[in-house]
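Biologist: I would like to learn how the features of a model like this one are read. Could you take me through them one at a time, with the general idea ahead of the case?

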Amino acid sequence: MALTDTFVKQVKHKGSVIGERYADGGGMYLRVKAAGKYWRLDYPDVNLPVRHFTNPEEITSEDIERGACECRDLWRLGRSVVQDLALVVEGAGVIVVREETGIAQIEGLSAWSKVVGRPLIPLSADKDNGYRSRFDLAHELGHLVLHRHIVRPTDRTRSAQPPRKAGSPVRRCFLTAGRELCSRGSHPSNT
């Protein structure tokens, strides 16, 4: 069913407690309730490589490169440049948001949300630079893959972030053609 402007304006709530759902098959749907009409999106299942690191110090450069190559393999990206990294990351079930923060030092964050049951990457739009935003997205993706099981310290006197080394090789593998780090097969250690 096409969710045209006319349809959306004319559709009425039919009395169902949870409301009626109207979808066009593209993932977006309209929920019509007594209180109003709400656009919703069915996100795909989360499809990220699983790592079980509990300490950032145990992550080697080889682990980082292997994680980036495994993402490419899992998502069938091949070794060419990824044209739309945001589309690829959202296709893997990650919620990506780009918004102005007013804080120049924050370019992006990443976290696994217990509330929505999936990973989130809010990116800063303050610099209004698409290239930088793409770079930050690849960096935060690296943190999602490698740091999922690393407990963040609660002591405010310590850094609230794991060391930044993990994001760089991951973003290189996505933002280059991937040949430099992934040229030896699926994983760099397979030589």
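**Reading the model**

Modeller: Arg76 is exposed, because its relative accessible area is 78%, where exposed means over 50%, buried under 20% and partly exposed in between, with a 1.4 Å probe and protein chains only. The model is a predicted one, in which local features need pLDDT of at least 70 and side-chain atom pairs count only at pLDDT 80 or more, while totals for chains, interfaces and linings use all residues. Residues are numbered from 1 along each chain as its sequence is written, and side-chain values use heavy atoms, with hydrogens and water left out.

Biologist: Where does Arg76 sit in the chain, and what is its phi value?

Modeller: Arg76 belongs to the loop between helix H2 (61–74) and helix H3 (85–91), and its phi is near 55°, a positive value in a residue other than glycine. Helices (H or I, at least four residues) and strands (E, at least two) are DSSP runs, numbered from the N terminus.

Biologist: How many helices and strands does the protein chain have, and what pattern do they follow?

Modeller: There are 6 helices and 6 strands in the protein chain, and along the sequence they read α-β-β-β-α-α-β-β-β-α-α-α. Of the 191 residues of this chain, 38% count as buried. A contact means heavy atoms within 4.5 Å, and among the contacts with a separation of 6 or more, 60% come from residues 24 or more positions apart.

Biologist: How many aromatic pairs does the structure hold?

Modeller: Rings of Phe, Tyr and Trp (its six-membered ring) pair if their centres lie within 6.5 Å, and planes under 30 degrees apart count as stacked, over 60 as edge-to-face and the rest as tilted. The structure holds 1 aromatic pair. The pair is edge-to-face because the rings of Phe7 and Tyr22 have planes at 75°, with their centres 5.2 Å apart. This pair links distant parts of the chain, with Phe7 in helix H1 (residues 5–10) and Tyr22 in strand E1 (residues 20–23), 15 residues apart. Phe7 counts as partly exposed at 23% relative accessibility, whereas Tyr22 is buried, with a relative accessible area of 10%.

Biologist: Is Ser124 buried or exposed, and with which residues is Ser124 in contact beyond its neighbours within four places in sequence?

Modeller: Ser124, found in strand E6 (residues 118–124), counts as buried because its relative accessibility is 12%. Leaving aside neighbours within four places in sequence, Ser124 is in contact with Arg98, Glu99, Thr101, Ile106 and Glu107. The C-alpha atoms of Ser124 and Arg98 are separated by 5.7 Å, although these residues are 26 residues apart along the chain.

Biologist: With which side chain does the side chain of Ser124 make a polar contact?

Modeller: A polar contact is a pair of N or O atoms within 3.5 Å; within protein, one must be able to donate a hydrogen and the other to accept it, and residues adjacent in sequence count only if both atoms are side-chain atoms. The side chain of Ser124 makes such a contact with the side chain of Asp126, at 2.9 Å. A polar atom of the Ser124 side chain also lies 3.5 Å from the backbone oxygen of Ile106.

Biologist: How many cavities of 30 Å³ or more does the structure hold, and which residues lie nearest the centre of the largest cavity?

Modeller: Rolling a probe the size of a water molecule over the atoms shows where empty space is left. On a 1 Å grid over the protein atoms alone, a cavity is a set of points where a 1.4 Å probe fits but cannot get out, and lining residues have an atom within 4 Å of a point. The structure holds 1 cavity of 30 Å³ or more, and about 80 Å³ of space lies in the largest cavity, a volume being the space filled by probe spheres set on the points, which are joined across faces, edges and corners. The lining has 13 residues, of which Ser124, Asp126, Lys127, Arg132 and Asp136 lie nearest the centre.

Methods
1 Å grid on protein atoms, 1.4 Å probe; cavity = no way out; pocket = protein on both sides within 12 Å on 5 of 7 lines; lining within 4 Å.
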